Amino acid sequence: MPRQKILDMSVDWLSILDAQGNVDESLEPELDTETLEKFYRTMVLTRMYDDKALKLQRQGRMLTFGSSLGQEATAVGSAFAMKPDDWFFPAFREHGVQIARGIPLSLLYIYWMGSEDANLTLPPKNFPVAIPVSTQVLHAVGAAWAAKLKKQNIASVVYFGDGATSEGDFHEGMNFAGVFKTPTVFICQNNQYAISLPREKQTASKTLAQKALAYGFEGIQVDGNDILAVYSVTLAALEKARSGGGPTMIECFTYRMGSHTTSDDPTRYRQAAEVEEWKKKDPIKRLRIYLEKKGIWDQSREGAMIKEITDEVEKAVKEAESYKPVVENMFKYVYADMPLHLKEQMDELQGFISKRRGDESG
């Protein structure tokens with residue numbers, strides 16, 4: 001038998017709104033003024049929430065924090081494509097998605113201040129933050145598989161960084177999703193670094209999106225700083241998933257402008273010139289220029305919005321810092337039914353706290 005090619009695949013790239021705010025009208029999604037304004041406000045709110053969190057951490061008022069600076073378009077654009085009934089599975093840099101889906105700022109601050117009590121009152125279909133790399137991929141695929149078995153017209157959306165594509169959980173989840181055509185949308189926030197490891201040191205693949213092809217479904221790469229492109233691609237992927245067309249992987253090509261977390265020093269592994277080049281691609285700036293060109297935004301509206309968001313953020317911080325964590329909750333919500341060894345630990349801690357309070361009052 002002669003040698004012959006049996007497979008020939010490719011990965012598409014999509015960009016609609018460039019760094020100068022110019023739009024490709026042939027690809028421009030039909031969005032009304034109110035929606036575009038929501039896009040912009042949510043992106044700015046995400047950045048201002050993020051900036052305040054960094055300041056709180058540096059002041060010792062918050063624990064280690066992972067900034068989303070520069071990645072707002074990826075988070076917000078994809079979030080607005082989702083429906084409330086869709087499952088959302090975050091890593092730990094999806095602040096924009098959380099805000100867009102209505103999770104109160106105060107809960108986000110409470111979480112990063114060290115209390116997982118914040119997870120107790122999350123709105124339905126919003127999964128807690130996953131700090132371990134890529135574990136949430138398996139959860140998202142499982143939820144999508146369950147929805148498919150129940151014939152529910154919903155999808156699950158899971159977020160992860162480029163570093164997660166080197167983990168076994170990622171490949172196991174992708175393989176299962178491909179075989180069983182689960183209604184899952186995989187969103188890779190390729191911000192070019194897995195902590196300090198550059199993307200080219202992780203894989204020889206030309207794209208990360210092409211990894212989906214090995215598992216039998218579509219992968220697409222999109223300009224992650226272009227909110228119109230991210231929204232359009234995610235919307236199409238979700239519609240396909242809900243209609244039985246199976247999963248899609250979206251690689252959002254973006255950049256982490258800040259450090260991996262507040263315990264990281266990015267100057268040790270990347271050049272300042274690289275960061276400056278990416279500043280020119282700022283996702284918020286390009287959307288603002290686009291809105292100004294359409295005549296639906298101006299400096300006076302900008303100023304009023306900034307003041308409104310500043311007040312909103314400060315109010316959320318005040319609420320978060322006044323919250324008193326319930327110590328017992330660290331034991332109560334690990335399992336549906338608390339096992340004996342956790343019950344014993346909780347009782348011991350409660351006894352210690354009671355004795356300590358008694359000694360202090362005496």
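1. In this predicted model, Gly-219 stands opposite Met-249 in strand β8. The strand that pairs with β8 here is β7 (residues 218-223), and six bridges join the two, which run parallel. Between β7 and β8 the chain passes through helix α7 (residues 227-242), and this β-α-β crossover is right-handed.

2. Strand β8 also pairs with strand β4 (residues 184-190), in the parallel sense and over six bridges.

3. Is strand β8 mostly covered or mostly open? Strand β8 spans residues 248-253, and five of its six residues are buried, so it is mostly covered under the cut-off of under 20% relative accessible area.

4. The volume of the largest cavity is about 70 Å³. Rolling a probe the size of a water molecule over the atoms shows where empty space is left.

5. Which residues line the largest cavity? The lining consists of Gln-98, Ile-103, Leu-107, Leu-108, Tyr-111, Trp-112, Ala-118, Asn-119, Leu-122, Phe-127 and Val-129. By class, nine of the lining residues are nonpolar and two are polar, with no charged residues. Helix α4 (residues 105-112) gives the most to this lining, with four residues.

6. Turning to charged pairs, a search of the whole structure finds 19 salt bridges. Side chains of opposite charge can pair when their charged atoms come close. The points below take up three of these pairs, each with a partner in helix α10.

7. Arg-41 forms a salt bridge with Glu-312, and the closest N and O atoms are 2.9 Å apart. The pair links distant parts of the chain, with Arg-41 in helix α1 (residues 33-58) and Glu-312 in helix α10 (residues 299-322), 271 residues apart. Arg-41 has 23% relative accessibility and so counts as partly exposed. Glu-312, at 31% relative accessibility, also counts as partly exposed.

8. In the salt bridge between Glu-314 and Lys-52, the closest N and O atoms are 3.0 Å apart. Glu-314 lies in helix α10 and Lys-52 in helix α1, so this pair ties together parts that are 262 residues apart in sequence. Lys-52, with a relative accessible area of 16%, is buried, because buried means under 20%.

9. Glu-321 forms a salt bridge with Arg-61, with the closest N and O atoms 2.9 Å apart. Glu-321 lies in helix α10, whereas Arg-61 lies in the loop between α1 and α2 (72-81), so the pair ties together parts that are 260 residues apart in sequence. Both partners are partly exposed: Glu-321 has a relative accessible area of 37%, and Arg-61 has 34% relative accessibility. Elsewhere, salt bridges that share partners join Arg-41, Glu-308 and Glu-312 into one network.

Terms used. Residues are numbered from 1 along each chain as its sequence is written. This is a predicted model: local features need pLDDT of at least 70, side-chain atom pairs count only at pLDDT 80 or more; totals for chains, interfaces and linings use all residues. Side-chain values use heavy atoms; hydrogens and water are left out. On a 1 Å grid over the protein atoms alone, a cavity is a set of points where a 1.4 Å probe fits but cannot get out, and a pocket is an open set with protein on both sides within 12 Å along at least five of seven lines; lining residues have an atom within 4 Å of a point. Grid points are joined across faces, edges and corners, and a volume is the space filled by probe spheres set on the points. Ala, Val, Leu, Ile, Met, Phe, Trp, Tyr, Cys and Pro count as nonpolar, Asp, Glu, Lys and Arg as charged, and the others, Gly among them, as polar. Buried means under 20% relative accessible area, exposed over 50%, partly exposed in between (1.4 Å probe, protein chains only). Two strands pair if DSSP finds at least two bridges between them. A crossover is right-handed if, with the strands pointing away from the viewer, the path from the first strand over the helix to the second runs clockwise. A salt bridge is a side-chain nitrogen of Lys or Arg within 4 Å of a carboxyl oxygen of Asp or Glu.
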